[in-house]
Amino acid sequence: MELMKLLMKRRSIRKYTDEHIPQEKLDEILKAGLMSFSGRNLKPWEFIVVKDKDMLEKLSHAKDSGSAMLAGADCAIVVIGDREKTDVWTEDCSIAMTYMHLMAAKLDVGSCWVQCRLRNDENGGSTEDYVRNLLGVPENYAVEAMLSLGMPAHEARGHKEADLESDKIHNEVF
């Protein structure tokens, strides 16, 4: 699939069927994350794959809003970054998330980015601490985000080129 067509097709999917994601597709999504580029090629990310339904239910409460879809997901990939390895771990983890998000779309797997960094859980505590405690994330790692994955319960309408906000492009000066 041509890259621009993939970008136009990709949408956040929050409702999933009960169908399991084939392991081959999940492996391809993870490989895409591992292949993403990073500053100085330090690759500070680690991925935690969560398939356990009880854990997905618990993770669905990691934010005060925007994480409920995890309860119905087939799995989630939690992306964490080693803060001691580089000061651009946030950017590097975001790039890995983006690559996985795009690969999921290419493979017709529904996905949704669940931001964790700088967010609060349902009780007002830190989302990062909530996820860290559930999954045993070491202290030197920060929790960037979770990628909710499942087979889409519906087909979302893709983006249209006519909807692009080209007035956001500035030449030479703002």
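A residue counts as buried when its relative accessible area is under 20%, as exposed when it is over 50%, and as partly exposed in between. These words are used in the legends below, which describe a predicted model.

**Figure 1. Tyr99, a partly exposed residue.** Tyr99 has a relative accessible area of 31%. This value lies between the two cut-offs of 20% and 50%, so Tyr99 is classed as partly exposed.

**Figure 2. The aromatic pair of Phe37 and Tyr99.** Two aromatic pairs are found when the whole structure is searched. In the pair shown here, the ring centres of Phe37 and Tyr99 are 6.0 Å apart and the ring planes stand at 80°, so the pair is edge-to-face. Phe37 sits in the loop between α2 and β1, whereas Tyr99 belongs to helix α4. The two residues are 62 residues apart, and their pair links distant parts of the chain.

**Figure 3. The aromatic pair of Trp45 and Phe47.** This pair is stacked, with 6.4 Å from centre to centre and 0° between the planes. Both Trp45 and Phe47 are buried. In general, an aromatic pair is described by the distance of the ring centres and the angle of the planes.

**Figure 4. The open sheet of four strands.** The strands are arranged in the order β1-β2-β4-β3, with antiparallel pairing. β1 (45-50) and β3 (110-115) are the edge strands; each has a single partner strand, so one side of each lacks a neighbour in the sheet. On average, neighbouring strands are turned by 20° against each other, direction ignored.

**Figure 5. The pairing of β3 with β4.** Strand β4 covers residues 141-150 and is joined to β3 by six bridges. The two strands run antiparallel. Val114 has Met146 in β4 as its bridge partner.

Figure 6. Helix α2 (residues 23-35) lies across β1, β2 (75-82) and β4, and runs at about 165° to β1. Helix α5 (residues 127-135) also lies across β1, β2 and β4, but its angle to β4 is about 80°.

Figure 7. The 13 residues of α2 reach 18 Å from the first C-alpha to the last, close to the 18 Å expected at 1.5 Å a residue. Its buried residues are Leu26, Ile29, Leu30, Ala32 and Gly33. Down the helix axis they fall within an arc of 150°, so they line one face of α2. They are covered by elements including β1, β2, α4 (89-106) and β4. Glu24 and Met35 are exposed, on the face of α2 turned away from its buried side.

How values were computed. Residues are numbered from 1 along each chain as its sequence is written. This is a predicted model: local features need pLDDT of at least 70, side-chain atom pairs count only at pLDDT 80 or more; totals for chains, interfaces and linings use all residues. Side-chain values use heavy atoms; hydrogens and water are left out. Two strands pair if DSSP finds at least two bridges between them. Axes are lines fitted to C-alpha atoms, for helices over the stretch in contact, and angles run from 0 to 180 degrees between N-to-C directions. Contact means heavy atoms within 4.5 Å. The expected span of a helix is 1.5 Å times one less than its number of residues. Buried means under 20% relative accessible area, exposed over 50%, partly exposed in between (1.4 Å probe, protein chains only). The arc is that of the directions from the helix axis to the C-beta atoms. Rings of Phe, Tyr and Trp (its six-membered ring) pair if their centres lie within 6.5 Å; planes under 30 degrees apart count as stacked, over 60 as edge-to-face and the rest as tilted.
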